[in-house]
Protein chains: 2
Amino acid sequence: VTVYLVGAGPGDPGLVTARGLELVRRCDALVYDRLVSGELVAEAPGDALRIGRADLSQAAVTDLLIRLGRQGLDVVRLKGGDPYTFGRGGEEALALAEAGIQFEVVPGVSSLAAVPGSAGIPITHRGTSSQATIVSGHDPSELDFGWLARSEGTLVFFMGLAALPAIADGLIGAGLAPDTPAAVISQGTTSEEASVAAPLGEIADAAGTLAPPALVVVGQVVSLAPKLRRREAHESERALAG
Amino acid sequence: VTVYLVGAGPGDPGLVTARGLELVRRCDALVYDRLVSGELVAEAPGDALRIGRADLSQAAVTDLLIRLGRQGLDVVRLKGGDPYTFGRGGEEALALAEAGIQFEVVPGVSSLAAVPGSAGIPITHRGTSSQATIVSGHDPSELDFGWLARSEGTLVFFMGLAALPAIADGLIGAGLAPDTPAAVISQGTTSEEASVAAPLGEIADAAGTLAPPALVVVGQVVSLAPKLRRREAHESERALAG
């Protein structure tokens, strides 16, 4: 294998997998997303090539991975969250396969449950929700609100903060009760985590000053948060294992 | 904190988080699920109390965690997958909160994307699926097949192998095309991984001899598997980082 598509987890660098961290620590080249923790980038060997992809298009990233792979380097492509959960890992893996470059996908902890969990919200909970639908909130005009509003479980919107008013209005317009519990969690699992909870009809106003990246959660499980939210400070526990 | 609810990941012991592994390595007591890898259990200190929960009811596990927590021990409750994704973590966390025991939830890599991914199936893929619904297949009589069949994205059933004929019939009866791609992955990410892919109308027969635990995936993303499946043996890479 020469190119590893590795999930870095939801933000807290301690939530990278043991295998992902091992691969970072012995790579020749590290290509990393903007949202990946600097602490993880710093784990690469001192002489490894480090390339932030913030200014690169997806096509340029794919070309870069193929080029590095052809040189026979051990390449780690470090992605926020999980490569196959809104991570565009499939696109990069397909391009590598078509170019004949060996690759391996190393899954990561997705934000989808870790970020709500950090705010005290289990996405499934016996008697409350036995299903969850995760969906991109990037373009609300592509969402089938009629279908989403009839979900009996938890709804989790990735990239939904900018369009939150349209998402809330769409769900309510399709029949979801305005008093359905909802929450927005910004920069979940990091020391900058901030969150608000409010009924769906008020969540867009309540989320006023929160910054992306953020996850939007809608469903009865949100009402568990006051009991399950961690109260102690724990930033000091966030360092990586040695 | 005295009780840590830690996700062990989907099976491959290298997919535990760095923080989860660190907590296992310094715990006083480890309470672990049947499906947790023996390699992870072996990472606990030699003098740590090790308690498999296979023969304990959920109520007994909860009582045990409270009792160990009251003794001031550092307790790791190691669960397969992610504690808050069909992991009953919410129930244990609520019981600890009500008993006044400090706890922390450490998320894990859920099977939901890692297991399909290991078989070459990304649960989301640009242009193919921008949403995924994860649902318990334990009791098909509780499923709203009419709603599930109208999903525009990927369906992932946990605990769905035993009821696979009823799940496939239910989806087809509700209007999902019998030629919708489907897959069953057994013991995903472990050295025992086995999987089959077939049209929804034939998947129950095709899955014939697969053993639980297994995940069922339904949706167009399954058709990417022939291109994205790993071909090389990689069992030797499965050891934990030192």
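**Helix packing, sheet order and chain relation**

User: At what angle do helix H3 (residues 58-70) of chain A and helix H4 (residues 89-98) of chain A cross?

Analyst: Their axes cross at roughly 45° and come within 10 Å. Because the angle of 45° is neither under 35 degrees (roughly parallel), nor over 145 (roughly antiparallel), nor 65 to 115 (roughly perpendicular), H3(A) is oblique to H4(A). The axes are lines fitted to C-alpha atoms, for helices over the stretch in contact, and angles run from 0 to 180 degrees between N-to-C directions. Helices (H or I, at least four residues) and strands (E, at least two) are DSSP runs numbered from the N terminus.

User: On what basis are these descriptions made?

Analyst: The model is predicted: local features need pLDDT of at least 70 and side-chain atom pairs count only at pLDDT 80 or more, while totals for chains, interfaces and linings use all residues. Residues are numbered from 1 along each chain as its sequence is written, chains are lettered from A and ligands numbered from 1 in the order in which they are written, and side-chain values use heavy atoms, with hydrogens and water left out.

User: In which hand does H3(A) pass H4(A), and which residues make the contact?

Analyst: The crossing is right-handed; that word applies if the near helix is turned clockwise from the far one by less than a right angle, and left-handed if anticlockwise. H3(A) contributes Gln58(A), Val61(A), Thr62(A), Leu65(A) and Ile66(A), and H4(A) contributes Glu91(A), Glu92(A), Ala95(A) and Leu96(A), where contact means heavy atoms within 4.5 Å. By class, five of these residues are nonpolar, two polar and two charged. Here Ala, Val, Leu, Ile, Met, Phe, Trp, Tyr, Cys and Pro count as nonpolar, Asp, Glu, Lys and Arg as charged, and the others, Gly among them, as polar.

User: What makes H3(B) oblique to H4(B)?

Analyst: Helix H3 (residues 58-70) of chain B packs on H4(B) at an angle of about 45°, with the axes 10 Å apart. That angle makes H3(B) oblique to H4(B). The crossing of H3(B) with H4(B) is right-handed.

User: In what order do the five strands of the open sheet in chain B stand?

Analyst: The order is E3-E2-E4-E1-E5, and the pairing is parallel. Strand E3 (49-52) and strand E5 (103-106) of chain B are at the edges because each has a single partner strand, so one side of each lacks a neighbour in the sheet. From one strand to the next, the twist averages 15°.

User: How do you know that strand E2 (residues 29-32) of chain B and E3(B) pair?

Analyst: Pairing requires that DSSP finds at least two bridges between two strands. E2(B) and E3(B) have four bridges, in the parallel sense, and Leu30(B) has Arg50(B) in E3(B) as its bridge partner.

User: What is the omega of the peptide bond from Pro212(A) to Pro213(A)?

Analyst: Omega is near -5°, and the bond is cis. A cis peptide bond also joins Pro212(B) and Pro213(B), with omega about 0°.
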